Amino acid sequence: MNRTLLNRNHSSLMKSSFTQTARTLTDSITIRGVGIHTGAESTVTLFPAEPGAGITFLRDNIEIKAHAGNVIDTSRCTILGTDGASVSTVEHLLSALSALGVTDVRIEIQGPELPIGDGGAQIWVAGIHDVGLTEIGNRTFPLLDTPLIVTGKDGAFIAAYPATSFRLTVAISFGHPLVGTQLARFEPDINDYSRDIAPARTFGFIEEVEALRAAGLALGGTLENAVVIYPDRYSVPLRFENELARHKLLDVIGDLSLAGVGALPPADIIAVKPSHRLNAAFAAKLHERLFSSPAWATE
Ligand SMILES: [Zn+2]
């Protein structure tokens, strides 16, 4: 599959916009499964969409656009909502869509939360690969022309530099002897998202997991869909030495798609100790910066 963004030529750093191939699914996909936080079973159907439709969720006949302005909670996952309807844990599906270049899709969900699958993005990647993609024209977006940084707590930040293609580096740091500080990096020209990122599973420390369960959360978490970190061991063998950092990278890609600048926009991004809250704040800021610039006065 051709994931190449346009505007790779040297002079594109001087441009104020970039053009991306718009893609949708060739056919619909239905996936059922349990949400990790609610434990509720949901049925999700992804439908092909028209050019320019973007990524939208539909729950109880209410349309919820996948956009930073619709983020209503980021405490354990990213929750989108509008007009009384909400959808939880959207980040892994959004990550797969963005990384595979899907720009336009309608997602109908029966249930409160997207299925967790095996903890990463593999269920979505497999579904998308099964039906394939159809190119539906081009779309032009504003291009980042000066660096942008958004800071969070305890030294956390996300920064983006202007670039001609997407690159993302993620660093995590936990005061736990097994985890410590880990790096993960993703460059579409070098890495294969389906192979290198999608299998990385969500994780939690055992104290957190116990507290969440006591609060009625993490009800769908099992040994099959999450890595639990004990003081001296992991609950399951890791799939990558830096699986935890890779999962955070997967999350950043998903949350970043809420900026509304297409799939994997050209930018060189570094995320240090990212969280859904910081990711969503960054996506909102990126959107604001790009679409309010004089160069993009028509939007
Ligand atoms: Zn995640």
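Started with the helix pair: α1 (residues 91–99) packs on α5 (residues 243–256) at about 80 degrees, axes 7 Å apart. My axes are lines fitted to C-alpha atoms, for helices over the stretch in contact, with angles from 0 to 180 degrees between N-to-C directions. So α1 is roughly perpendicular to α5 (65 to 115 degrees counts as that; under 35 is roughly parallel, over 145 roughly antiparallel, the rest oblique). I took helices (H or I, at least four residues) and strands (E, at least two) as DSSP runs, numbered from the N terminus.

Ground rules, for the record: this is a predicted model, where local features need pLDDT of at least 70 and side-chain atom pairs pLDDT 80 or more, while totals for chains, interfaces and linings use all residues. Residues are numbered from 1 along each chain as its sequence is written.

Which residues make the α1–α5 contact? I listed Glu91, His92, Leu94, Ser95, Ser98 and Ala99 from α1, and Leu250, Asp251, Ile253, Gly254 and Asp255 from α5. Contact is C-beta atoms, placed from the backbone, within 7 Å.

Next, the core. The largest nonpolar core has 79 residues, and Ala96, Leu168 and Leu249 have the most contacts inside it. By core I mean buried Ala, Val, Leu, Ile, Met, Phe, Trp, Tyr and Cys joined through C-beta atoms within 7 Å; buried is 20 or more other C-beta atoms within 10 Å of a residue's own, exposed 12 or fewer, partly exposed in between. α5 gives the most to this core, with 7 residues. I then checked Leu168: leaving aside neighbours within four places in sequence, its contacts include Leu249, Val252, Ile253 and Phe186.

Strands now. β2 (residues 29–34) and β3 run antiparallel, joined by 6 bridges, and Ile31 has Val44 as its bridge partner in β3. Two strands pair if DSSP finds at least two bridges. They form a hairpin with 6 residues between them, and Gly39 in the turn has a positive phi of about 75 degrees. β3 is also antiparallel to β9 (residues 105–110), again over 6 bridges, with Pro48 opposite Val105.

Which face of β3 (residues 41–48) is covered? I found Ser42, Val44, Leu46 and Pro48 on the covered face, and Glu41, Thr43, Thr45 and Phe47 on the uncovered one. In a regular strand the side chains alternate between the two faces of the sheet.

Last entry: an open antiparallel sheet of 3 strands, in the order β6-β7-β8. β6 (71–73) and β8 (85–87) are the edges.

Definitions and conventions
Contact = placed C-beta atoms within 7 Å.
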